[in-house]
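User: Hi! I'm new to this one and would like a friendly walk through it. Could you start with a term I'll need along the way?

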Amino acid sequence: MSYVRSKAFDETGYVVLDSYDQAADPKEWLDLEYVDWKSSGDTRFAPLTSAFGDMECNAFWNHTPPRTDKDGVWVQANVEKAPILKARAEEPGANIGRCRVIELQPDTYPTALYNLHQDDNNRLNPDGTGWIVRGFFNLSDDPESYLILREDRFDPETEVRISLPAGRQVIVDTQRFWHAVWQKGPEPRYCLITSWESGPELDAYIEKYHGDPHFPSAPLDPRFVEEAQVEVRRRLAERAATLAARGKAGQVLVDLDLDDDD
């Protein structure tokens, strides 16, 4: 199928925008209502949009009628508490699908690698319309934590690590990348995640804030990376054995939730 895509993502699949002065804003995310919704890690989500404006986080295609990740309906109880976050999601002027704040508890590098997943944002997306990408605006200050991106889930040579201080703004084609966050902690990480439709509006926004497709990847000791890979392989083998015992061996590479947020 042919979709409208942004040239900004052609080479690397992501851009890092100019940093936002997060310290100048109130911590609206602490006032939001969160629901238990598990993605990659120990998470809760505070929906700012949902399929019909309800306080829930299910993918739009799991509703009746099912539809793609566009035309999200604002959840009034939360956006009334977070007008600045709502305005930041609206600033590009692009169509918004799912929009929510994630709360991620601290984890480890091997756990983040184990939880790597691809999104399925473009399910049911009509041919000829804009490809859905995701914005990640870090709200809490987590400079030693990383958004991990891999084009090949099991190849660390494809890994990009983007540090997450307060105000870091990243837009990612999360259907292209396996991704997760290594939240070193000790506090939870909070991030505004917005699905946007690619098109001239999003292109102009990326240009305005100097979207960088070559942001430096944070270094890690290769031995540390390899030790984490060994641990991930161990966990996967353990999971495979468990699934085989249940007669579900074919599901070993299927994540618990591959079509949601980081």
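Analyst: Happy to. A polar contact is a pair of N or O atoms within 3.5 Å, where, within protein, one must be able to donate a hydrogen and the other to accept it. Keep in mind that this is a predicted model.

User: Is Thr-49 buried or exposed?

Analyst: Thr-49 is buried, because its relative accessible area is 0% and the cut-off for buried is under 20%.

User: Which residues does Thr-49 touch, leaving out those up to four places away in sequence?

Analyst: Counted that way, Thr-49 touches Gly-72, Val-73, Trp-74, Val-75, Ile-96, Gly-97, Arg-98 and Cys-99.

User: Nice. Let me zoom out. How many helices and strands does the chain have?

Analyst: The chain has 5 helices and 12 strands.

User: How does the radius of gyration compare with that of a compact globule?

Analyst: The two agree: a compact globule of 262 residues would have a radius of gyration near 18 Å, and the chain has 18 Å. Along the principal axes, the C-alpha atoms fill a box of roughly 45 × 40 × 40 Å.

User: What share of the residues is buried?

Analyst: Buried residues make up 52% of the 262 in the chain.

User: What about contacts between residues 24 or more positions apart?

Analyst: Those account for 79% of the contacts in the chain with a separation of 6 or more.

User: Can you show me a pair like that? How far apart are the C-alpha atoms of Phe-136 and Ile-193?

Analyst: Their C-alpha atoms are separated by 4.8 Å, while the residues are 57 apart along the chain. Phe-136 sits in strand β7, residues 132–138, and Ile-193 in strand β12, residues 189–197.

User: Are those two buried or exposed?

Analyst: Phe-136 counts as buried at 3% relative accessibility. Ile-193 is buried as well, with a relative accessible area of 0%. Ile-193 can also be set against Phe-45: the two are 148 residues apart in sequence and 9.9 Å apart in space, C-alpha to C-alpha.

User: New topic: loops. Where does His-117 lie?

Analyst: His-117 is in the loop between α3 (109–114) and β7. Although His-117 lies in a loop, it is buried, with a relative accessible area of 0%. A polar atom of the His-117 side chain is 3.2 Å from the backbone oxygen of Asn-115.

User: Which residues does a cis peptide bond with omega of about 0° join?

Analyst: Thr-64 and Pro-65. Pro-65 lies in the loop between β4 and β5 (73–74). The peptide bond from Gly-185 to Pro-186 is also cis, with omega near 15°, and Pro-186 belongs to the loop between β11 (178–182) and β12.

User: Last stop, Lys-86. Where is it, and what does it touch?

Analyst: Lys-86 is in helix α2, residues 83–90. Not counting residues up to four places away in sequence, Lys-86 touches Trp-74 and Val-79. Trp-74 is also among the residues that Thr-49 touches. Lys-86 counts as partly exposed, at 21% relative accessibility.

User: And how do the charges sit across the chain?

Analyst: There are 29 positive and 48 negative charges, and their mean positions are 4 Å apart.

Technical notes:
Residues numbered from 1 in each chain as written. Predicted model: local features only at pLDDT ≥ 70, side-chain atom pairs only at ≥ 80, totals over all residues. Heavy atoms only, no water. Buried < 20%, exposed > 50% of the residue type's maximum accessible area, 1.4 Å probe, protein only. Contact = heavy atoms within 4.5 Å. Helix = DSSP H or I, 4+ residues; strand = E, 2+ residues; numbered from the N terminus. Rg over C-alpha atoms; globule rule 2.2 N^0.38 Å. Lys, Arg positive; Asp, Glu negative; His and termini not counted. Charge placed at Lys NZ, Arg CZ, Asp CG, Glu CD.
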